[in-house]
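The exercises below ask the reader to work from the coordinates to a conclusion, one step at a time. Please try each task on the structure before reading its solution.

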There are 6 protein chains.
Amino acid sequence: MPRYDLSLPELRDYRPIVAEPDDFDEFWEDTLADARRFPDELRLTRVDSPLSQVEVYDMTFNGFAGQPVRAWFLVPAGTTGPLPAVVEYNGYGGGRGLPHENLAWVTAGYAYLFMDTRGQGSVWGSGGETPDPNGTGPSAPGFVTRGIERPHDYYYRRLFTDAARAIDAVRTLDRVDPTRVAVCGGSQGGGIALAAAGLSEGLIGVMPEVPFLCHFERAIEITDGDPYQEIVRYLSVHRDLVDQTFTTLSYFDGVNFAKRATAPALFSVALMDPVCPPSTVFAALNHYAGEADIEVYPFNQHEGGSGHHWLRQAAWLEERIL
Amino acid sequence: MPRYDLSLPELRDYRPIVAEPDDFDEFWEDTLADARRFPDELRLTRVDSPLSQVEVYDMTFNGFAGQPVRAWFLVPAGTTGPLPAVVEYNGYGGGRGLPHENLAWVTAGYAYLFMDTRGQGSVWGSGGETPDPNGTGPSAPGFVTRGIERPHDYYYRRLFTDAARAIDAVRTLDRVDPTRVAVCGGSQGGGIALAAAGLSEGLIGVMPEVPFLCHFERAIEITDGDPYQEIVRYLSVHRDLVDQTFTTLSYFDGVNFAKRATAPALFSVALMDPVCPPSTVFAALNHYAGEADIEVYPFNQHEGGSGHHWLRQAAWLEERIL
Amino acid sequence: MPRYDLSLPELRDYRPIVAEPDDFDEFWEDTLADARRFPDELRLTRVDSPLSQVEVYDMTFNGFAGQPVRAWFLVPAGTTGPLPAVVEYNGYGGGRGLPHENLAWVTAGYAYLFMDTRGQGSVWGSGGETPDPNGTGPSAPGFVTRGIERPHDYYYRRLFTDAARAIDAVRTLDRVDPTRVAVCGGSQGGGIALAAAGLSEGLIGVMPEVPFLCHFERAIEITDGDPYQEIVRYLSVHRDLVDQTFTTLSYFDGVNFAKRATAPALFSVALMDPVCPPSTVFAALNHYAGEADIEVYPFNQHEGGSGHHWLRQAAWLEERIL
Amino acid sequence: MPRYDLSLPELRDYRPIVAEPDDFDEFWEDTLADARRFPDELRLTRVDSPLSQVEVYDMTFNGFAGQPVRAWFLVPAGTTGPLPAVVEYNGYGGGRGLPHENLAWVTAGYAYLFMDTRGQGSVWGSGGETPDPNGTGPSAPGFVTRGIERPHDYYYRRLFTDAARAIDAVRTLDRVDPTRVAVCGGSQGGGIALAAAGLSEGLIGVMPEVPFLCHFERAIEITDGDPYQEIVRYLSVHRDLVDQTFTTLSYFDGVNFAKRATAPALFSVALMDPVCPPSTVFAALNHYAGEADIEVYPFNQHEGGSGHHWLRQAAWLEERIL
Amino acid sequence: MPRYDLSLPELRDYRPIVAEPDDFDEFWEDTLADARRFPDELRLTRVDSPLSQVEVYDMTFNGFAGQPVRAWFLVPAGTTGPLPAVVEYNGYGGGRGLPHENLAWVTAGYAYLFMDTRGQGSVWGSGGETPDPNGTGPSAPGFVTRGIERPHDYYYRRLFTDAARAIDAVRTLDRVDPTRVAVCGGSQGGGIALAAAGLSEGLIGVMPEVPFLCHFERAIEITDGDPYQEIVRYLSVHRDLVDQTFTTLSYFDGVNFAKRATAPALFSVALMDPVCPPSTVFAALNHYAGEADIEVYPFNQHEGGSGHHWLRQAAWLEERIL
Amino acid sequence: MPRYDLSLPELRDYRPIVAEPDDFDEFWEDTLADARRFPDELRLTRVDSPLSQVEVYDMTFNGFAGQPVRAWFLVPAGTTGPLPAVVEYNGYGGGRGLPHENLAWVTAGYAYLFMDTRGQGSVWGSGGETPDPNGTGPSAPGFVTRGIERPHDYYYRRLFTDAARAIDAVRTLDRVDPTRVAVCGGSQGGGIALAAAGLSEGLIGVMPEVPFLCHFERAIEITDGDPYQEIVRYLSVHRDLVDQTFTTLSYFDGVNFAKRATAPALFSVALMDPVCPPSTVFAALNHYAGEADIEVYPFNQHEGGSGHHWLRQAAWLEERIL
């Protein structure tokens, strides 16, 4: 059935109780403090590129545990002063790819950082270059169960920290106005953007599209699509680790980051999305602590609003940077 | 089996005999002459867009039978003089979409025209806006069998003419250097680019990626993927129209356009491509009348080289425009 | 889940509000009046056939805009006087095929007309021969989105008019008793039969089997099967045309024809039908203006009652023609 | 790959060695002799039917071991003298269904017998009514492995005997000219027709369409479709019964019946048929002892020529009955 | 959707009314009485096996109608006196396979009988050796519809009788303590175990895992998986046999056996089981006449608790045999 | 097509050239030397288990880089002296599971070690407990591409070392006769067994069933199944790392281990195996340096000989331990 979740009126009111560990804030404060012990220093290397209208930089910054994380940083050629900036995180399985693959924001006049996703970048697209140097306990293929035995070891602890550190890093650049930084991303990128919004101060905008990584307990019961099903497969084998697994996930649930995020937000959701169920997106939206709006795509699956939604985002963000 | 076609060494030597009607040239000369009776005039409307670094125009030109065909035309903001231009055609089922979705060539400094595909643009992407005002005999869903009863009525007669007329049109523009126009496209777009190369004079480059619409008789016997299978489904019903159908297709076979194309060409092919079998691509390459090179992607399916291949194209084309 | 729609008791009571345009009647009156400006004349050509017990005629009548529409017309050999007649419309993708493929009604003693479906007849079966000489805006593969931008241009405006004109035509024949004409069809054919019932006067019976083209807004939300999903795919691309699309469809909804149909009707429905959801069939039944009965097949999918249901229909119709 | 078997020229020459047991003829002579110990007597019950142009009889005759087998027997209403007759066998999983479902031959003026298939008739269509009162050793779902441990117990020993006895029975009827009886059938029905042709004398025509049950050893290695795969699944479990299984099958291979059949034959084959591989059909054709022709459908799957092929058969048979 | 049935709290309370024929007890008393007219005698043949730590016997006992049924009987080598025994029945399509494939119970110190399943054993695993010498009316592939026209002829009448007779037989053995016999099995084996529990006296434990064959009317409406769908396919053809079919099934519904079973029971259920819907398992549990517990596996499909559940069973049974 | 690889006669002769790095031996000598710097010490903990006929031990030994690796170690209860031992490795995605799940070898009188697979054990079965504490560069889901950028970092360097160290460890145990140790495993376990055979001295038997990880370059071109396709997906993204990837794999190819293995071997292969193509198994067999035999299962897929093959192995091994 295309429509398998709540109806739109029900979704607008859906504000479920989502488990939150007592030490959620402490956990993340400690994690970020550890990461921030490493300097904000970064390396920017100008890349020779056919893109004559844009300056392209290969960037490396200090992510989780100071581990090097790659990104592309682009600014419009011929500009000099600080610009408002957009930081984007990628969907599941993708890496930073190639600089010419994401040109809309820089062509719209923004400084633009597209962060690589550690360990990913080998499933689709043009690749990634950031390793994930941390091991894992028994895990199912995919990244969602890597280190899921303990919040401390969970893969997304490292990735969300990278995301927060990417914001720190971009703010140190001459070409960026540190007071006007927004974050965005679709699917996993949307989940990361939500986490970054909960972990960072002073963002001017947060734009999660059809975000993944929200309201896990419901998600894994109502969709049979990956990557949420990676958790189901893991639990189908580790029948005795159900509680422990949900405890880990509670430290990473987009809903809990939403409760702490105060920057203005523009979400999107697709009502026929078999990957990120609508109710899990609304759960994050309806718990969002700041001002938040959502664009609803009633007949789309996980592609959501795609190019149409970027126009909506560009208009929305333009109002915020003035 | 991932590798289901000839081996790479066999492919490099594969130069099959492909049926060619005696009046192929006459058919196309008449067709283009009819179309060119309509003026080259076009409408360019500057579009209000968030893309501050680019001038975006909504363009309408006279295509087949003078019917209006839409396109996006982009030039880098701040440029004035004539630029080398790239004309791109789209894959099967897609339309011109939105201007910010194809920014690589303009960011590389080219004038860029992305042509809408008549009647298409409703299967994926962000839509199209060009109708196909011509009817059809009994046809299978899809566009490959529309009007296939007679070469005169076949859908691709109209679309290939649009493609040739797009080149005519872009050459009339102030911002374009008419002696430095290249064409490109992937899949159906690659097939259209080949046709345009066979029908137009003086192109500086032709870049068909994993082209569709080549060597039909072999294609429909060795792939079970759409859209080639649309022809098989049609023939499975119209058991008595096999010869007539192949006669129609012979007027539209990329191999026959390749035999007439003299502009330098850069092809791509993917050896695990289930949609456009490698041997059908090499059939066109090995019959190509001009200088032609090919980039082989041994472990890719129909996505071919994607972003990596664009870098290859950009370097290749840069050498040709100097 | 096999049973994915309402329960049978709920279905029996299901009488949803379905949007109806104010000018629905005017739209169809104008459409039919335009078509009826062309004469009722038709061509009947006796076909040489192995079917010695039946007279087979290849018929051409004036359909929408006077365009020629083909049909097979059969009467039992050896009969002379006027007979009660059955007019049948075909399912999606099929054409009129070959005369020996539908012999039950004529063998039961009826004059029988099997109408070709314009543009269709190339997906399954033995083919069709009626073109659809009208073009289309951007449309998804299939027929359901052809011309969907405007009620005036929509494919089913032409096809439903053909269907009403087929009744007009058959009534002009010597071998047919014009006061005893019934219509039938399965799936798309059932939807056409409903439309014909709403547009024609004086039918003695209407027999829609598992009808398609009813209660679109619900249908496209609860089934993931084609052809209803063609609309979803169209809307997933044309995100800005949702309202316009539903407006067009409201002129063609079987429920709105049912509200106007007064001839006795025998419906069928299959409770595990993934193509035409049971609730959309009951929506038409429960709004039907005339006397209407339904046969429920609890464990069937879209094949419904098939041969068993024909026996039911034959008995039901026999009572009406006496 | 649509074309997965030999090329058409290779098929035309394909005449493989197929294992044949020394006592093949003895086995079948004994089997038929046993069956013929039961009288040819049969029961014919006129059925009340809406089919006023046809006399419909529910027939029961003595099949294998004298077990009762059902059939429909139809003659054109109003005829009296003996007519040429067609006996048809059904495809896998189907039963005799309902009398109005197969009207082409009777409408063409033949007496027509459609035999029920023992134990089958519960997978598609309108049902069957003939039990298979014999048990089985361990068998895979389906009928192809029932009793496959021994030729004596194999399901098709019973079914092929029923088929031969149906010919015996129809020849006893007043309304049938016993010198002008033809057999036909598609898929399993084609395999049964071949067997009947090898087991019966004096047929005027044999028309196997895309026949199943030929050249088993090749078939199960080159198609992954059912029902041939039922044998593969059986052998994948009974790893030690490979030789024994092929021994059993050699008594039932259509190729071995073809070697003994002398009545004129018209085969059909579809070159993209994934169910009955073309080479297995040509194996039977090229071993056929009598005059044999074949119609090739190059772009069809298992549906083969369908209605088009019936026209071909009707013309071919008409020549033979004159 | 992974969770497609009732919620866990609803399941715990789910106690539906399930049809029960008036003569249910009589039917089974007669059936067993008939079977018990044949002696309890059995044949035990010591098998030469690499399993030096176990005595392996090939056993044949008198099942339904005294027909020979095979089994493996294992006891730990070096033991002599009577042991508590476990009798296990197999899942759908499997046979008794090979003795070394089921060693857990004997390694835990039990005498162990693994019963072959008549006619099955050819779909997966290592085979079976027990024929089903009874014929069938028209049936769908699979075993669930064999003889379903009449309770008397239904396949499971024979199989359930075999199961009860296996208990009788094992109790006659020196090496078995007849007062300490338990039964178990998964899926079909669980359904058989339930039947055996309803038909036998004095069992010390009943352990149905994710049992099949319970609450048919609901099962076939909410799962689209085999084997329940075999019934749906049968009814989709035999549209007129719905009531008769459900009448037959009511004599074999696990719920009706549960109402009569008094031995302590340990069930298991998997909440994402697409084969045996959770509500059908709870229907049997909640009607169980004796003391009954259930282990719930929330994220498993039909594999249920597998090895983890065996540990649970072993502990549970150990308490009962002391 | 079920048979998609070479014919059996061709397979028996298939001895392809497989790339082998010059420093293959040095690479593995260094790797093992590093691992052997950690002591052979291991921990054995008697586990409380229902398996009264077997002593069950939870074992931890020092694997790659001295990292702790888990295993189950079982000996028949009541034995005391040193026994011949079998070491088994598991298939892809599985872990050591639970001790009662693999009882055949111990019941046949062997000491038995079942090694956990680092990082795996979360896809099927009852779980694993050994982490893989090493990170990875960008990798596709699954284990085959973890660390594939460099032979040094490749996942299978660690796993194969664990396998060799498991043999070292088991030989230190009192209950094991170190001169009579055999290794076995299916699929990935077969590939590991081959590697262990190439890396260890003095084994009495090597039993790879349908081994994975052999002749990679061919495997990934002719099967479209996982896990070989994980490499294809990786290369489809990392288009520039093809040579580097094959270089890494050449250090881990089962063919190169086979060239060095001298212990007697019994392989198995299934001719319809879509996961591990027959030719890749024969490539290893035909390069095997020691005496080697193979059992061919002509109609099986990846399940190969399963229980039947264990009987073959048990008989084969029994001859070797005398």
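## Exercise 1: backbone exceptions

Ser306(C) counts as partly exposed, since its relative accessibility is 31%, where buried means under 20% relative accessible area, exposed over 50%, and partly exposed in between, computed with a 1.4 Å probe on protein chains only. The model is a predicted one, in which local features need pLDDT of at least 70, side-chain atom pairs count only at pLDDT 80 or more, and totals for chains, interfaces and linings use all residues. Residues are numbered from 1 along each chain as its sequence is written, chains are lettered from A and ligands numbered from 1 in the order in which they are written, and side-chain values use heavy atoms, with hydrogens and water left out.

**Solution.** As background, most residues other than glycine have a negative phi, and most peptide bonds are trans. Then turn to chain F, where phi of Ser306(F) is likewise near 45°, the residue is found in helix H11 (residues 306-321) of that chain, and its relative accessible area of 31% makes Ser306(F) partly exposed.

**Task.** Determine which residues the cis peptide bond in chain C joins, and in which loop Pro227(C) is placed.

**Solution.** The bond links Asp226(C) to Pro227(C), with omega about 0°. Pro227(C) itself sits in the loop between helix H6 (216-222) and helix H7 (228-237) of chain C. In chain E, a cis peptide bond joins Asp226(E) and Pro227(E), again with omega about 0°, and Pro227(E) is in the loop between helix H6 (216-222) and helix H7 (228-237) of chain E.

## Exercise 2: helix packing

**Task.** Classify the packing of H4(D) against H5(D) as roughly perpendicular or oblique.

**Solution.** First, the angle: helix H4 (residues 155-171) and helix H5 (residues 188-199) of chain D pack at about 65°, with their axes 9 Å apart, where axes are lines fitted to C-alpha atoms, for helices over the stretch in contact, and angles run from 0 to 180 degrees between N-to-C directions. Angles under 35 degrees count as roughly parallel, over 145 as roughly antiparallel, 65 to 115 as roughly perpendicular and the rest as oblique, and H4(D) and H5(D) are therefore roughly perpendicular to each other. The residues in contact (heavy atoms within 4.5 Å) include Phe160(D) and Ile167(D) of H4(D), with Ile192(D) and Leu199(D) among those of H5(D). By class, this contact holds 10 nonpolar, two polar and no charged residues, with Ala, Val, Leu, Ile, Met, Phe, Trp, Tyr, Cys and Pro taken as nonpolar, Asp, Glu, Lys and Arg as charged, and the others, Gly among them, as polar.

**Task.** Carry out the classification for H2(C) and H4(C).

**Solution.** Helix H2 (residues 24-36) and helix H4 (residues 155-171) of chain C pack at about 60°, with axes 10 Å apart. That angle makes H2(C) oblique to H4(C). Among the residues that meet are Trp28(C) and Arg36(C) in H2(C), and Phe160(C) and Asp168(C) in H4(C). The contact of H2(C) with H4(C) divides into seven nonpolar, two polar and five charged residues.

## Exercise 3: relations between copies

**Task.** Decide which rotation superposes chain F on chain A, and which one superposes chain B on chain F.

**Solution.** A rotation of 180° with 0.0 Å of shift along its axis brings chain F onto chain A (RMSD 0.0 Å), superposition being by least squares on the C-alpha atoms of residues with pLDDT of at least 70 in both copies. The two copies are thus related as by a two-fold rotation axis, and 100% of the contact residues of chain F recur in chain A, the same surface serving both. For chain B on chain F, the rotation is 120°, with 0.0 Å of shift along its axis and RMSD 0.0 Å. That is the relation of a three-fold axis. Only 8% of the interface residues of chain B are also interface residues in chain F, so these copies meet through different surfaces. Finally, chain A and chain D do not touch, their nearest C-alpha atoms being 25 Å apart.

Key: Helices (H or I, at least four residues) and strands (E, at least two) are DSSP runs, numbered from the N terminus.
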